[in-house]
Amino acid sequence: MSDLPVDRVESSPPFTYCDVDCFGPWLVKEGRKELKRRLVMFFKFLFLACVLITLLFVASFLYLFSQILYLRWRYRHLPSPKTKSLFLGHAVDMREVGKRGGHLSMLYVEWQKLLGSVFVVFIVNREIVLCLEPAFVKEVMITSNSKKPKQFYETAKYLFGQRFLGGGILTQLNNIQWAKQRKMMNPAFRRGYLKELMGQYNDSVDELMTYLKQKADGKTEILMAQQFNKVSLDIIAKVAFGEYNLNVISDDAMFLNTAIEDTFDGIAMQLKLSFFSRIDPRKEARDRRNKIKSSCAVVRNFGRKCIMRRIQAMKDGRDYPMTFDSYLVHLPNQDSITEYNISHMIDEFATFFVAGQETTAQLMSFTCEYVGRHPQVYQKLKEETDEVIGSKTFISYEDTCQLKYMNLVLKEVLRIAPPLTGVQRTNEEDIIVNGLKIPAGSNISLNTYALGRDERFWDEPEVFNPERFREKSSRHMYAYFPFSLGPRVCIGQQFALLEAKVVLAKFLQLYKFTLVPNVQLKTYIAGTLKPVHKTPLYLNVRRENVRSS
Ligand code: HEM
């Protein structure tokens with residue numbers, strides 16, 4: 001063998017000839033053998049990677065900044081509240097209002113008074129155009145059934161990379177696909193079918209009433225929002241998915257409720273500061289993200305369990321109770337049991353589970369909050385419950401239809417504290433509202449919370465007055481849409497109202513309650529509108545008769 005070239009045998013400073021630098025050798029023992037080991041450094045490679053990452057970071061920052069400038073320029077003709085930071089936009093105001101014990105929809109009400117009914121706000125690189133005009137609400141939601149904007153609804157599809165609602169009916173943006181999904185689920189919400197669920201509603205409520213008895217001594221503080229959360233979870237689990245062994249009511253750990261709450265927290269976090277919330281390197285931010293991701297997994301795994309159980313029953317040809325998943329699980333043949341199909345069923349499961357539980361629980365909590373602060377309303381409600389329900393142990397569908405005053409109370413609660421404060425839509429073409437052009441592709445917010453407090457449509461809007469709904473008035477048509485409007489109206493509206501009536505009627509029948517004194521009603525938004533203090537109250541027994549099931 002000939003000699004190596006001179007330049008290969010002479011020593012020279014590192015990185016003179018190649019991108020790889022070697023150190024060593026070290027002697028390493030492996031059993032009785034002695035081996036030589038060297039350390040190799042791909043130095044230039046590493047350097048290049050660092051440069052590339054820095055460049056990428058700077059480029060994304062510049063891209064984000066140019067987007068922000070473009071948005072401010074695009075909407076310069078629309079009124080907008082003064083921003084405190086060019087980069088964050090009104091996210092700063094949102095943070096401040098949160099610290100003051102308020103929320104975004106409260107800000108909308110304040111801004112509407114200053115700027116009129118059409119204005120724009122910016123959250124980093126995202127615009128929200130507020131259109132608080134009932135005629136426009138009708139046009140967008142009913143006449144043209146405008147699309148849901150990607151930026152808002154996609155946030156609930158995946159939470160920090162973990163699949164959550166995926167392509168479920170709520171987050172489905174393709175209208176053709178959505179129509180198929182909605183058609184499949186509509187029969188599960190027909191009145192006839194809901195009537196058959198009264199047994200399950202009564203079972204869950206009785207369980208809650210029995211649980212409350214041990215705490216009804218007039219001096220133990222009960223966080224009623226938590227109790228309503230449990231019962232609405234139990235109802236949706238039984239009625240919708242045939243899950244009878246959840247035991248959430250007697251379980252104080254509330255792991256599923258907490259998981260659902262976390263996922264709402266995740267949606268709110270991604271909506272507020274989508275970019276930063278994903279990359280925030282601080283430990284508490286990372287922990288929060290991880291908690292939200294594992295909560296998504298908890299909800300979805302529970303869904304998988306329910307769906308697989310039904311699939312197994314179908315395969316075995318066993319009888320299975322008729323629940324929502326009877327409409328959800330369509331398996332024409334064995335080949336259709338694929339992971340892809342199952343994932344889609346879980347999307348739908350998570351959607352119904354989450355949409356049906358938190359919202360209804362908040363409606364019941366706010367009812368207690370407002371009724372507890374208005375003794376005359378409370379008295380009337382008790383009188384009506386005594387008259388319609390009396391000492392009955394089973395509340396029937398027909399009974400709920402007789403609870404006319406309660407119906408007015410629920411309507412008023414949904415005006416003053418709607419669990420979902422608004423919906424978002426996008427316009428395919430430019431539109432003019434009040435002489436102002438809203439450019440095509442805008443994120444438009446239709447806010448029932450703000451419209452529900454608008455003096456143009458409501459007398460003394462800050463006053464809680466169920467009587468205002470006694471007369472049918474065309475004044476507030478399209479200025480009130482707690483369940484949304486048009487083709488994408490809430491599919492569970494009747495389900496929720498029926499549930500609230502059964503729970504509240506039984507509660508009023510069996511217990512007297514007083515809110516814990518000196519606790520202010522403060523609200524915040526984390527997906528849904530919630531009472532900050534979780535409705536603390538004291539209970540006393542009024543009547544003793546829970547059905548023996
Ligand atoms: C007080 C209780 C409830 C309120 C205030 C409420 C409110 C709403 C609102 C405002 C929407 C429209 C969302 C949007 O377009 O962004 C909606 C949609 C929806 N809600 Fe409800 N909801 C309630 C209870 C329920 C219940 C009990 C269920 C199911 C069991 C349910 C299932 C759904 C579903 C699946 C959608 C999507 C409908 C579609 O896009 O076709 N909701 N709800």
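I started from the record: UniProt, in an unreviewed entry, puts a "binding site" feature at C490. Its positions are given in the numbering used here, its feature names are shortened, and its annotations may be inferred rather than shown by experiment.

Ground rules, before I go on. I'm working on a predicted model, where local features need pLDDT of at least 70, side-chain atom pairs count only at pLDDT 80 or more, and totals for chains, interfaces and linings use all residues. Residues are numbered from 1 along each chain as its sequence is written, and side-chain values use heavy atoms, with hydrogens and water left out.

**Entry: the iron**

Which protein atom is a donor to the iron atom of the ligand? I found SG of C490, at 2.3 Å, and it is the only protein donor. Donors here are N, O and S atoms within 2.8 Å of the metal (3.2 Å for Na, K and Ca); water is not among the atoms, so sites may look incomplete.

I placed C490 in the loop between α19 (448–451) and α20 (493–510). For the element labels, helices (H or I, at least four residues) and strands (E, at least two) are DSSP runs, numbered from the N terminus.

The cut-offs are under 20% relative accessible area for buried, over 50% for exposed, and partly exposed in between (1.4 Å probe, protein chains only). Not counting residues up to four places away in sequence, C490 touches R182, F483 and S484; contact means heavy atoms within 4.5 Å.

S484 counts as buried because its relative accessibility is 11%.

N518 is another non-glycine with a positive phi, about 60°. I found N518 in the loop between β12 (511–515) and β13 (523–526). Is N518 buried or exposed? It is exposed, since its relative accessible area is 84%.

T400 is in helix α17 (residues 397–402). With 2% relative accessible area, T400 is buried.

W111 is in helix α4 (residues 104–115). I got 6% relative accessibility for W111, so it counts as buried. Its contacts, again leaving aside neighbours within four places, are P81, H90, D93, G116, F119 and V121. I also looked up S80, which is 31 residues from W111 along the chain; their C-alpha atoms are 8.5 Å apart.

**Entry: the whole protein**

I counted 20 helices and 15 strands. The C-alpha atoms fill a box of roughly 110 × 65 × 50 Å along the principal axes. Of the 549 residues, 50% count as buried.

How much of the contact set with a separation of 6 or more comes from residues 24 or more positions apart? They account for 72% of it.

The accessible surface comes to about 27200 Å², with 56% belonging to carbon and sulfur atoms. I took the areas from the Shrake-Rupley method with a 1.4 Å probe; for residues, only the protein chains shown count as cover.

Last, charges: I have 76 positive and 58 negative side chains, with the centres of the two sets 1 Å apart. Lys and Arg count as positive, Asp and Glu as negative, and His and the chain ends are not counted. Each charge is placed at NZ of Lys, CZ of Arg, CG of Asp or CD of Glu.
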